[in-house]
Amino acid sequence: MKIERLSIPDVLLLTPLRHADERGSFSETFRADLLAANGVVAAFVQDNHVVTKRRGVVRGLHYQMEPRAQGKLVRCSRGAIRDVAVDLREISPTYAKHVAIELSEANWQQLWVPPGFAHGYITLDDYCEVIYKTTDYYSPGHERGIAWDDPALQIDWGIPSTEASLSDKDRNLPRLGELARRSH
């Protein structure tokens, strides 16, 4: 497995090796020892599988507050997504910066999003499937989010905002500058 540090060094891009023949292919999609060698010691406790039927669906930007913050290992097994991680660690030199990467069934890549980051994605194709592992269980009482289109974040989602489709909940998330006022 190839592991690369991105512009925010704690966010990792993983590219599993594919062994293919006429029958199909095989890949190791998770190796705790390789992640640990790159500074990620994570015990995954939950797997999530999301199916989205159409292009332009935004999911996020979501995170969980301490003590239930989640790290996520994300991959797109069908279609393509633009996956985004925003650093919310206030003492970090990359606070409020983001990484945006295309994950797809074609490139077979995965993104490690550490605890302390907001995470979201937009579907670039009709019918996408996203599978991700988390380091803590979903906790509604600790769940928070940031507006996907917050101008302060300057995220290029790869699709015009007029084509984006959001849930009512995601459409009403606060901007980053409002988090302190809403007791993030």
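The dialogue below takes up the sheet, the aromatic rings, a glutamine side chain and the backbone in turn.

Mentor: This is a predicted model, in which local features need pLDDT of at least 70 and side-chain atom pairs count only at pLDDT 80 or more, while totals for chains, interfaces and linings use all residues. Residues are numbered from 1 along each chain as its sequence is written, and side-chain values use heavy atoms, with hydrogens and water left out.

Trainee: In what order do the six strands form the open sheet?

Mentor: Strands of a sheet pair through backbone hydrogen bonds, either parallel or antiparallel. Helices (H or I, at least four residues) and strands (E, at least two) are DSSP runs, numbered from the N terminus. Two strands pair if DSSP finds at least two bridges between them. Here the order is β1-β2-β10-β7-β12-β5, with antiparallel pairing. The edge strands, β1 (2-5) and β5, each pair on one side only. From one strand to the next the twist averages 20°; for such angles, axes are lines fitted to C-alpha atoms, for helices over the stretch in contact, and the angles run from 0 to 180 degrees between N-to-C directions.

Trainee: How many bridges join β1 to β2, and which residue in β2 is the bridge partner of R5?

Mentor: Four bridges join these antiparallel strands, and the partner of R5 is L12. Six residues lie between β1 and β2 in their hairpin. Continuing across the sheet, β2 pairs with β10 over three bridges, again in the antiparallel sense, and the partner of L12 in β10 is W112. Strand β7 (residues 72-78) and β10 are antiparallel as well, with four bridges; R75 has Q110 in β10 as its bridge partner.

Trainee: Which way do the side chains of strand β2 point?

Mentor: In a regular strand the side chains alternate between the two faces of the sheet. In strand β2 (residues 12-15), L12 and L14 point one way and L13 and T15 the other, and all are buried. Buried means under 20% relative accessible area, exposed over 50%, and partly exposed in between (1.4 Å probe, protein chains only).

Trainee: How many aromatic pairs does the model contain?

Mentor: A pair of aromatic rings is described by the distance of the centres and the angle of the planes. Rings of Phe, Tyr and Trp (its six-membered ring) pair if their centres lie within 6.5 Å; planes under 30 degrees apart count as stacked, over 60 as edge-to-face and the rest as tilted. The count by this rule is three. In one of these pairs, the ring centres of F30 and F44 are 5.3 Å apart and the planes stand at 85°, so the pair is edge-to-face. F30 lies in the loop between β4 (24-26) and α1 (32-37), and F44 in the loop between α1 and β5 (46-52), so the pair ties together parts that are 14 residues apart in sequence. The rings of F44 and W112 have centres 6.0 Å apart and planes at 90°, so this pair is also edge-to-face. Since W112 belongs to strand β10 (residues 110-113) and F44 to the loop between α1 and β5, the pair ties together parts that are 68 residues apart in sequence. Within it, W112 is buried at a relative accessible area of 5%, whereas F30 is partly exposed at 30%.

Trainee: What does the side chain of Q64 reach?

Mentor: A polar contact is a pair of N or O atoms within 3.5 Å; within protein, one must be able to donate a hydrogen and the other to accept it, and residues adjacent in sequence count only if both atoms are side-chain atoms. The side chain of Q64 reaches the backbone oxygen of Y137 at 3.2 Å and the backbone nitrogen of S139 at 2.9 Å. Q64 is found in strand β6 (residues 58-64) and is buried, with a relative accessible area of 7%.

Trainee: Which peptide bond next to P67 is cis?

Mentor: The bond from E66 to P67 is cis, with omega near 5°. Another cis peptide bond joins G60 and L61, with omega about 10°.
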